[in-house]
Amino acid sequence: MNKLGWAVVATAASAVLFFFGTGLDPVPELAWLAPLPILLLATRVPGAAALGCAFTAYLAGSAGTWSYFWHSLAVPRPAAIAILGGSALLFALSVGLFRSLVRRGHGFLAALAAPALWTVVLYGVSLLNPTGLMGTLMTTQADRPSVLRIAAVTGGWGVEFLVLFVPAAVAAALAPGVRGAARLTGLVAVAAVLGGLVFWSVPAPTGPSTRIALVAPGQSRWAVDVATPDGQALVRSYVDQIGRLPDGVQAVVLPEAAFAVDQASRPRLVEAFTEVARVHNLDVVAGVLDTTPEGRFNAALAVPPSGAPAEYRKWHNGDSKNIASGTELAHLAGIGLMVCMDVNFADPSGEYGEAGTGLVLIPASDENVDGWEHSRTALIRGVENGFSVAWSAAHGTPMLADAGGHVLADAHTGGGPFTVVVADVPIGPGKTLYARFGDWFAWLCGVVASIGVVVTLFGRTAGKAATPAGPAATVGP
């Protein structure tokens, strides 16, 4: 088979693996394999061909998310195009950096620099994007606690790096002209990573736990005014459902913006939930759109059996109109509160982790098809910062998970008037190394990627033995 044939095969193979290994319902193991065919191809074809094949493979592999991005209510279409095209371009540039370094005889640096470039650029996007970041390589591993556990030290960026490093190290070791110690270094690194993941068991946390219930409607309704008859009927339906929960439930979480309240109607909602909280000795957390003299807030309202309610105001509202953003953490009896999109960002999750919070309750609302992906974004935040997560999503995937990344219970909404999820949730330790030291690993990736770029632009070839033989050797990087 000629080079064109191999390019077509490699592009198609990576595209298929990306399609099934990433996206809204990924097969985690395939994400590790998806980059490999393109990386193996890259050192054997001209630079332009390597970049084009990489771009095409990633873009085609993301086809499972095209419809979601095109019709998403949260992502404008220009942004959707930028996300899809930008991700494919970033993968192509990472492959280009890998190719250039391998052809200069720096195989192991190539295996480090390519995933480092990918990771640090995504880190930059996470800081600049008004809707944050989710659905990257780290998310594909969200149901693999043994892999995800490293996020407690490196943040999710360590997982992001690792999933691309393994195929890059294999491809560098098998590149034309790589021999001896250079080949052995990459293969030993891969064996160490994979061996560690196989034998690194992650026991479920033990210790004090809280029985949590998530109650989400079968049909999503946004901000029903409590002052209207329809709003009162909705309050009663939730109260009735709470009354039917199993014994021992200590907190129940309802979805984001289930109700709209203002200064006049808020006491009516608080009174209704206080009564059911008192009768059943539990806390009720509801998502509310709260109009106050300070502004209109998307909030989580926590109502205890006795005492004053606590309210957390969502920090990150994207491009939502006429919604003010909060800036403070909120606790109810030591339990933290957040709302939906907040988990797409490092904070407030990091601040909860630094404060030692072991459990966070999160009203949320999704777009059905992205329910799994968004719930696992919340799970990753919990692992990073040492807290367990109660994610109560309308039109999505309500989920209970511990601080080690184990999903204790989840379900998809629909199919009945209410979806109810109940589990005993261990209190997490909080104060992980990541919570204390922040995005140090992402910055380290920036350093490694910079070294790779500098060596590519100004470095010399490490040795003739590392230069691929044949016609492709005459083509520049």
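Modeller: Buried here means under 20% relative accessible area, and exposed means over 50%. Keep in mind that this is a predicted model.

Colleague: OK, is Y123 buried or exposed?

Modeller: The relative accessible area of Y123 is 10%. The cut-off for the inside class is under 20%, so Y123 counts as buried.

Colleague: How many aromatic pairs are there by the ring-centre rule?

Modeller: Rings pair if their centres lie within 6.5 Å. By this rule the count of aromatic pairs is 16.

Colleague: What kind of pair do Y123 and W157 make?

Modeller: Their ring centres are 5.6 Å apart and the planes meet at 80 degrees. Planes over 60 degrees apart fall in one class, so this pair is edge-to-face.

Colleague: And how many residues apart are Y123 and W157?

Modeller: Y123 sits in helix 7 (residues 107-128), while W157 belongs to helix 11 (residues 156-173). The pair links distant parts of the chain, and the separation is 34 residues.

Colleague: Which parts does the Y123 and W443 pair tie together?

Modeller: Y123 and W443 are edge-to-face too, with 6.4 Å centre to centre and 65 degrees between the planes. The two residues are 320 apart in sequence, so the pair ties together helix 7 and helix 18 (residues 440-458).

Colleague: Is W443 buried or exposed?

Modeller: W443 has 59% relative accessibility. The cut-off is over 50%, so W443 counts as exposed.

Colleague: Which ring does the charged end of R313 sit over?

Modeller: The charged end of R313 is 4.0 Å from the ring centre. That is the ring of F297.

Conventions: Residues are numbered from 1 along each chain as its sequence is written. This is a predicted model: local features need pLDDT of at least 70, side-chain atom pairs count only at pLDDT 80 or more; totals for chains, interfaces and linings use all residues. Side-chain values use heavy atoms; hydrogens and water are left out. Rings of Phe, Tyr and Trp (its six-membered ring) pair if their centres lie within 6.5 Å; planes under 30 degrees apart count as stacked, over 60 as edge-to-face and the rest as tilted. Helices (H or I, at least four residues) and strands (E, at least two) are DSSP runs, numbered from the N terminus. Buried means under 20% relative accessible area, exposed over 50%, partly exposed in between (1.4 Å probe, protein chains only). A charge sits over a ring if NZ of Lys or CZ of Arg is within 6 Å of the ring centre and within 35 degrees of the ring normal.
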